[in-house]
Amino acid sequence: MRRASRIFTLPASNLIGHSSSSAGAVHKHSFTTLTLQQNRQNPQQQSFPGGFLKWGSLGFFRASSFATGFNPLKAKPLDSIIDVERVKDRSAEDIASAWDDFHLGRGHIGASMNAKLYHLLEHRAADCRYFVIPLWRGSGYTTMFAQVQMPHMIFTGLEDYKARGTQASPYFAVTYYNEFAESKDMVLIRGDVVLPSKLTDSEAKWLVETTQSFYLNDMRYKLVERFNKQTHDFEFKDVLQALEMPIL
């Protein structure tokens, strides 16, 4: 961690609201809460893309009230985490390595991606903001619901969304920092596990990487488009097959 300590502006204990050991601290200081945009339309007009008729094996229904957008509140600005001025002369590899190391084991994930891929993700997410990802656990999977509104991704359990609609709590929130996109051809990624009881760090890392793959891979992105634009034709088993998971 000596390498990382020279470029990060806060000690480990101050990275997330002065405490990284408490789920409540992450919730309060990093994202405070997930403020989903309250739509004042009739509930029938708040339903999911494509009318949200029943499809696949998930049993959705037309009146489901899901968020049509969200405000992720005040994610930490990059210069409160990393000394931006000090790293200007560092290589992208050094910055990415220190960023990854610094976030290990803190209830957060650190990652990076090529700027060109980020712009593709941003472009596609503007057109298709929602998707579902099966997270394998033991002998089965739990389905996660993703809202992608760059530079943020929010994940929560699909069953929580079905039960609570816009009041569902986020499990995991991701922020993309593009300050080095032009100078280093790199975008830094920070993920905060808001509910550690629902999601481990390794599961969170897998979720963001897998969701990105569905937006960046041309074949997989067709499923994202179908989910958002041709809901009637969407089959959840196609997602399972793409991930080589058994159809239960």
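Predicted model: local features only at pLDDT ≥ 70, side-chain atom pairs only at ≥ 80, totals over all residues.
Local features need pLDDT of at least 70 and side-chain atom pairs count only at pLDDT 80 or more, while totals for chains, interfaces and linings use all residues. Residues are numbered from 1 along each chain as its sequence is written, and side-chain values use heavy atoms, with hydrogens and water left out.

**Exercise 1.** Find how many salt bridges the model has, and describe the pair formed by E159 and K162.

Solution. 
1. The criterion is a side-chain nitrogen of Lys or Arg within 4 Å of a carboxyl oxygen of Asp or Glu.
2. Under this criterion there are nine salt bridges.
3. For E159 and K162, the N to O distance is 3.7 Å.
4. Both residues belong to helix α5 (residues 158-164), three residues apart, about one turn of the helix. Helices are DSSP runs of H or I with at least four residues, and strands are runs of E with at least two, numbered from the N terminus.
5. An α-helix has 3.6 residues a turn, so residues three or four places apart point the same way.
6. E159 is exposed at 53% relative accessible area, and K162 is partly exposed at 24%. Here buried means under 20%, exposed over 50%, and partly exposed in between (1.4 Å probe, protein chains only).

**Exercise 2.** Locate the salt bridge between D238 and R226.

Solution. 
1. The closest N and O atoms of D238 and R226 are 3.4 Å apart.
2. D238 is in helix α9 (residues 236-242) and R226 in helix α8 (residues 218-229), so the pair links distant parts of the chain, 12 residues apart.
3. R226 is partly exposed, at 25% relative accessible area.

**Exercise 3.** Which residues of α4 are buried, and which residue caps its N-terminal end?

Solution. 
1. The buried residues are A115, Y118, L121, R124 and A125.
2. The cap is N114, with a side-chain oxygen 2.7 Å from the backbone nitrogen of K116.
3. The charged end of R124 sits over the ring of Y221, 4.5 Å from its centre. This requires NZ of Lys or CZ of Arg within 6 Å of the ring centre and within 35 degrees of the ring normal.

**Exercise 4.** Classify the aromatic pair of Y130 and F145.

Solution. 
1. Rings of Phe, Tyr and Trp (its six-membered ring) pair if their centres lie within 6.5 Å; planes under 30 degrees apart are stacked, over 60 edge-to-face, the rest tilted.
2. The whole structure holds 12 aromatic pairs.
3. Y130 and F145 are 5.9 Å centre to centre with 10° between the planes, a stacked pair.
4. Y130 lies in strand β4 (residues 130-137) and F145 in strand β5 (residues 140-149).
5. Y130 and F145 are both buried.

How values were computed. Polar contact = N/O pair within 3.5 Å; in protein donor to acceptor, adjacent residues only side chain to side chain.
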